[in-house]
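Could you help me learn to read a protein model? I would like to go through it one feature at a time.

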Amino acid sequence: MTSERYNPRESEPHWQKVWNENQSFALNEESEKPKYYVLEMFPYPSGRCHVGHARNYTMGDVIARFKRAKGFNVLHPMGWDAFGMPAENAAMQNNAHPKEWTYKNIESMKEQLISLGLSLDWSREFATCDPEYYHQQQKLFLDFLSKGLVYRKSSKVNWDPVDQTVLANEQVIDGRGWRSGALVEQKELTQWFFKITDFAEDLLDEIANLEGWPEKVRLMQSNWIGKSEGLLVRWALDEHTAPEGHSELEVYTTRPDTIFGASFMAVAADHPLAQAAAKDNPELQAFIEECRRMGTSVAALETAEKKGFNTGIHVKHPFDDSWTLPVYVANFVLMDYGTGAIFGCPSGDQRDLDFARKYELPVVPVVMPKDADAASFEIGDEAFTDDGVMINSKFLDGMTPQEAFDEVARRLENISINNREQGERKVNYRLRDWGVSRQRYWGCPIPIIHCDNCGVVHVPDDQLPVELPDDVTFDKPGNPLDHHPTWKHVNCPNCDSPARRETDTMDTFVDSSWYFARFTAPRAKTPTVRDLADHWLPVDQYIGGVEHAILHLLYSRFFARAMKETGHLSVTEPFKGLFTQGMVTHETYKSEAGDWIAPTEIDLKEEDGKREAVLKDTGKPVKIGSIEKMSKSKKNVIDLSSMSESFGADATRWFVLSDSPPERDVQWTESGIEGVWRFIQRVWRLVDDAKQILDNENIGPKAQMDAEDLLKSAHRAIDQVTDAYDNLRFNRAIAQIYELANAISKSMAKIKGDAAGDERKGLKFAIETLVKLSNPIVPHLTETCWAHLGQDTLLVDESWPEADQKYLTDDTIMLPIQVNGKKRAELTIAKDATKAQIEQAALSAEPIARMLDGNAPKKVIVVPGRIVNVVI
RNA sequence: GCGGACGUGGUGAAAUUGGUAAACACAAGGGACUUAAAAUCCCUCGCCCUAACCGGCUUACGGGUUCAAGUCCCGUCGUCCGCACCA
């Protein structure tokens, strides 16, 4: 008799040790079983794991354990996304070296992950800051460079003058550096770029085939790539007004059909024509300066008024030599999209209309709704952007905009200006090449040497990796690699004359763009081992936060393509299945003074349905705030270890998957985890009670318990839980497991220590099923239960149970009977009853007969196995 | 502004994809056991009417399609997410 409670603090470390000794999760490369690669987005080693991490890794772990039991050879590795800013910030604040800080964090987080009981093959672990890893990344960089997939160009960046570094757009808040608070400057820097735009078309096309991805993410990627089909149109400059050396203005448009509605041209402030016009026009110069300053702030962009400056330059209309249009410099035209110049058609574009009204430019409608009257159709405050029919457009009149588009394209392609076609079809993408240079220390060094004689020189293979020096200081702003007294000074590998190392390091998104491939051969002396990568990739199920829906996933898709071109892989798409899980949230608390208070510092009570919180120490009232994503600043982070210590890893794992669908946020609550704790104890008692019954050979027959019912419950649970796991619907799986547990409880209450052979068989099967179905979520508890039931195998080695079809269907079924679509009665009838039999039985059922009151129904709809609807 | 998702009890949610709305759980209330507490077990729990049965209403709101709508269509309101002057 085990009257003791289940003690996770004893059993969890025990089973972790057993699994480890048995190498239960080490991958067998020789296995003949079908492969399954499950991967969770690897963590940044910030120092501590919270229950949000637990949710992500538990989901992957449930899939991994489930697939293993179903007979797959499962690859389930873990590593660390270990380069990045926080390590340098810690270095500056706490005088800790980024390397030591990072590896120390990895150590403590690894301990936490191990205590969660994840079925990981730890022998494949690596951190992206391991020289062995970034060594291979440097090789990839050089291979890409040789293939023309990497190039250098000068581009504008957000420059923080205090921290002396480049900032990403999201690090610029209201025009200021997020850390220093300094006004961000636009600065021209020569940077390294990956040619992701080379693959724009393919990256877009293949989205259609990513059927295992959420629709939302596919859409976000499509929008991000932003394909548009349009026309380049070269407008001749009116020679009397053209600046010296300029004879045409090339614009990009997706609406060439509206060319007769054009009333002005607009160019970006940085457009060469604007520059030329500003040469001896100080007013225009001032305007251009103003446009540039506005560039960075998001808030400014939102509210900024459309402004323009008339350059005095005119262009000639391609279809009417005598028609000239003014050229403006406009603050809403972007230099790096299209050609940095547009033609404005006020009637067909809201921005152009606003602009035209402001500067009193003509507004000629060229498209009107099909049923409108051309003579009276006018544009008011709103441009007409819908489909319709062409008007006021000479030879285009009467056409649809699409026909007009093609006609204008055809005609312009046949006119030549400055010896080139005046119009040219052109596909444009919003996607830009990926700038990867960062003026940072804690990142992968770019393996390049700059030589005055030879230019850009690859670091030779035998000199890789270019390792980060350890002896760096963070006491002044800027890049420590650049300050280092000796590191950057090397001789040119070509000509041996003094040269300089590239001191920029790579964007940390590079590190995470191929780690999934590296896991297939983590210790290889090449970036991948082709056979192994081809065998394991693509990742069958990838799991992570939706915040990576665009950049990380797009970069990884680019890397797969680039690695394919350089011979490192065969797949183009790295992730077959993608799942984006919701966050774990928690209530927030604030003191009367407005300071955030941690959940551990308060006591909660509830009176008359009103919840109140007070400070544990002082008893002072605390304001209960909104439910927020866990964050250090709001102090609502629930640490993983503290939960594991009080309730166990299994309870934590169960909680984060229960109740809420996995793609949605789940709220962490005290009462919730306590409820799970009670359930864990309940399973344990249930197993122990069952064991008492099963072990007792002397109990006699008693017909109260129907073994068939229990078998049905168990088989139905197998069927439904399996389906739920297959579709990552963990909350559904949990509900089904609860139901099975309830069914077993009920049956056992009836048995009361007196069961015959059949009943015992039913109970044995049901209780073992309960244990097996729960195993992926609560592996320690179920392993303990399995052993307690007298099994001498390990549950991790057991195969997944199969539902027996014969228990899934009944001989008789219950059919709801509706009258006029509303349920009025239930009918129990043989499964194979004919429609006529069902109809007859339905009509004579008591409440139905009463409602019919002797009259014949208008109509009876019988859907066999589903429902009966009587229309009266 | 453009694009997308969503809206179901006190709460988290389920609903085989057009077929019994509210499974499962949390919270709450009542009871049993106990000297007492914890733990456990049993009962109630969408709203209205009723002593109870019976009944009526109910999936943000308004309309529609259908024998039948939480599910499909149109409109309104609200919440959340992505992009943000992309020509």
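**Reading strands, a helix and an RNA surface**

A: Let's start with a pair of strands: strand β3 (residues 150–160) and β4 run antiparallel to each other and are joined over three bridges. This is a predicted model, where local features need pLDDT of at least 70, side-chain atom pairs count only at pLDDT 80 or more, and totals for chains, interfaces and linings use all residues. Residues are numbered from 1 along each chain as its sequence is written, chains are lettered from A and ligands numbered from 1 in the order in which they are written, and side-chain values use heavy atoms, leaving out hydrogens and water.

Q: Which residue is the bridge partner of D160 in β4?

A: Two strands pair if DSSP finds at least two bridges between them. Strands (E, at least two residues) and helices (H or I, at least four) are DSSP runs, numbered from the N terminus. Here, D160 is bridged to T165 in β4.

Q: In what order do the strands of the open sheet lie?

A: Four strands make up this antiparallel open sheet, in the order β4-β3-β7-β19. At its edges are β4 (165–167) and β19 (434–435), each pairing on one side only.

Q: How many residues of α17 are buried?

A: Buried means under 20% relative accessible area, exposed over 50%, and partly exposed in between (1.4 Å probe, protein chains only). Of the 15 residues in α17, 12 are buried, including Y555, R557 and F559. Just after this helix, G567 has a positive phi of about 80 degrees.

Q: Is D336 buried or exposed?

A: D336 counts as exposed because its relative accessibility is 52%. You can find D336 in the loop between β12 (320–330) and β13 (341–344).

Q: With which side chain does the side chain of D336 make a polar contact?

A: A polar contact is a pair of N or O atoms within 3.5 Å; within protein, one must be able to donate a hydrogen and the other to accept it, and residues adjacent in sequence count only if both atoms are side-chain atoms. For D336, the partner is the side chain of R432, at 3.3 Å.

Q: How many residues surround RNA strand B?

A: A residue is near a strand if one of its heavy atoms lies within 4 Å of it. There are 54 residues around RNA strand B, and the closest are T254, K306, R351, R729 and N869. Helix α22 (residues 730–751) gives the largest share of this surface, six residues. As one example, an N or O atom in the side chain of R824 lies 3.2 Å from a phosphate oxygen of RNA strand B.
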